2 protein chains.
Amino acid sequence: MFHEQLERSWRASNSLLCIGLDPDPARMPQPLDGAHDAVFQFCKAIVDATADLVCAFKPQIAYFASQREEPALERLCTYVRERYPDVTIVLDAKRGDIGSTAEHYAREAFRRYGAHAVTVNPYLGTDAVLPYLEHGGGVLGLCRTSNPGGDDLQALDCGGEPLYVRVARMVNDRWSAHGDCGLVVGATYPDELATVREVAPDLPILVPGFGHQGGDPHAAVKAGARADGRGLMVSSSRAILYAGSGDDFAEAARNAAIDARLATLPDGW
Amino acid sequence: MFHEQLERSWRASNSLLCIGLDPDPARMPQPLDGAHDAVFQFCKAIVDATADLVCAFKPQIAYFASQREEPALERLCTYVRERYPDVTIVLDAKRGDIGSTAEHYAREAFRRYGAHAVTVNPYLGTDAVLPYLEHGGGVLGLCRTSNPGGDDLQALDCGGEPLYVRVARMVNDRWSAHGDCGLVVGATYPDELATVREVAPDLPILVPGFGHQGGDPHAAVKAGARADGRGLMVSSSRAILYAGSGDDFAEAARNAAIDARLATLPDGW
């Protein structure tokens, strides 16, 4: 069960930090550049250097798929589950399809990769996420993104509130009736995160965009944490993964993760 | 270039039929059930039996991913491109992510699989599709789906028109300024297809849901074809793939495809 796993991760780590695993072939550290099994070895080194500092790892499947590295992603997820069972695995896939196709995406996320939760696009509505929840896995509904085109649809006024607030409401009121859900809300606009938190007081929220993408982590935590200080996975990828590019890349990543964990600690922790 | 390829496919085939390649392990025909390389061999047999009857093949990546069959999908796309160069390949992936992640999905679709076009979820807005278009590939924006939850967001009133019409407008007016685009509109409601066609008079529209999902193909063609009778890829999957389950499965698929092609011929062809 996703929620139970994630509560355990927050307790065990005392951290809201999530590290995004986006192995970019153009940015491999020098010792692994061109090496055999570089994608897996790079991610494993980052995981080993930072697992005690995070509540979650979030592999981004696109980076594996573009490099024919699905087998590395399988091994990586197995490694994290066996070695660091208290850390939650969120597969960032943003899938979205209907009926039998969604069932196959659910098998991909939960049976093949063994993720605890998967990010899903909300555009197809409630029945499109039931196959994931029937597998017993968690679903994080994509709610608000902070890219320049995020407003194109998400900010449209739908009966007095923007579409992304409607999405938060749908996930909180309807999806959650069927299983363990959460939301994805970019870090750039803390006011919007606070609005989503009002609509969904208890749901876990994945907050990407801290670090390289420029969101202020402290403001995000203040706006989005639950009353108990938890409730968020604040995600950073490149600023940690590529903090160093030489032999010390894992140590540099650990140092960056230490800073990032501190920057995302709620007041009073 | 996607549009040019698809126009060639329509001319060469005189067909609006698209066959969805969804290799379901639970429905493998008896001769291939449990066989070595069954997923590829099944799809190849369907392709060989029907390629002269279709404008496009639409592999659904979820079915390959759930079975660890990405290598079969690579070989299948290569096979279609080499053996049937006049047939368009649409990778049905419904991806949607931003910036560098979208760039990796674009590499997956166009460089790894060699698709001519990919289906993309519109929720992240215009900048999220630029990486696909910069690769020179086509983008089919998911506009309207006919599942029960399709209305949850798509039918919301956004300033006087439903969200899916806004999506059609965004794809037609903004995405298309950057490359070859199209739309995905379910076959179930011909009136809605006609509305989308008004908003996007020239864009190719992929129309899934004919056959097993119950859409009326003739009504869909009437509502959605361009003035010249072309403009649609009307897609059927299971009703063709699983028309037979014995040794004659490919022949049964061909017969079903012959009927489906006739059922989707525009008046006067």
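User: Which elements of chain B do the buried residues of H10(B) pack against?

Analyst: In this predicted model, the partners of the buried residues of H10(B) are helix H9 (190–199), strand E9 (205–207), strand E10 (232–236) and helix H12 (249–263), which belong to chain B.

User: Which residues of helix H10 of chain B are buried, and where do they lie around the helix axis?

Analyst: An α-helix has 3.6 residues a turn, so residues three or four places apart point the same way. In helix H10 (residues 217–224) of chain B, the buried residues are B:Pro217, B:Ala220, B:Val221, B:Ala223 and B:Gly224. Viewed down the axis of H10(B), these buried residues fall within an arc of 170°, so they line one face of the helix.

User: Which residues meet where H9(B) and H10(B) pack?

Analyst: From H9(B), B:Pro190, B:Leu193, B:Ala194 and B:Arg197 take part; they meet B:Ala219, B:Ala220, B:Lys222, B:Ala223 and B:Gly224 of H10(B). The contact of H9(B) with H10(B) has six nonpolar, one polar and two charged residues.

User: In chain A, at what angle do helices H8 and H9 cross?

Analyst: The axes of helix H8 (residues 163–173) and helix H9 (residues 190–199) of chain A cross at roughly 30° and come within 9 Å. That crossing makes H8(A) roughly parallel to H9(A), and its hand is right-handed. A:Val165, A:Ala168, A:Arg169 and A:Asn172 in H8(A) meet A:Thr195, A:Val196 and A:Val199 in H9(A). By class, four residues of this contact are nonpolar, two are polar and one is charged.

User: How many residues does each chain bring to the contact between chains A and B?

Analyst: The size of an interface is often given as the accessible area lost when the parts come together. Counted by residues, the contact here takes 42 residues from chain B and 42 residues from chain A. On the side of chain B that touches chain A, the elements that each supply at least two residues are helix H3 (61–65), helix H5 (99–112), helix H7 (150–154), strand E6 (157–158) and helix H8 (163–173). H5(B) gives the most to this side, with seven residues. The side of chain B that touches chain A comprises 16 nonpolar, 14 polar and twelve charged residues.

How values were computed: Residues are numbered from 1 along each chain as its sequence is written. Chains are lettered from A and ligands numbered from 1 in the order in which they are written. This is a predicted model: local features need pLDDT of at least 70, side-chain atom pairs count only at pLDDT 80 or more; totals for chains, interfaces and linings use all residues. Two residues are in contact if their C-beta atoms, placed from the backbone, lie within 7 Å. Helices (H or I, at least four residues) and strands (E, at least two) are DSSP runs, numbered from the N terminus. Ala, Val, Leu, Ile, Met, Phe, Trp, Tyr, Cys and Pro count as nonpolar, Asp, Glu, Lys and Arg as charged, and the others, Gly among them, as polar. A residue is buried if 20 or more other C-beta atoms lie within 10 Å of its own, exposed if 12 or fewer, and partly exposed in between; C-beta atoms are placed from the backbone. The arc is that of the directions from the helix axis to the C-beta atoms. Axes are lines fitted to C-alpha atoms, for helices over the stretch in contact, and angles run from 0 to 180 degrees between N-to-C directions. Angles under 35 degrees count as roughly parallel, over 145 as roughly antiparallel, 65 to 115 as roughly perpendicular and the rest as oblique. A crossing is left-handed if the near helix is turned anticlockwise from the far one by less than a right angle, and right-handed if clockwise.
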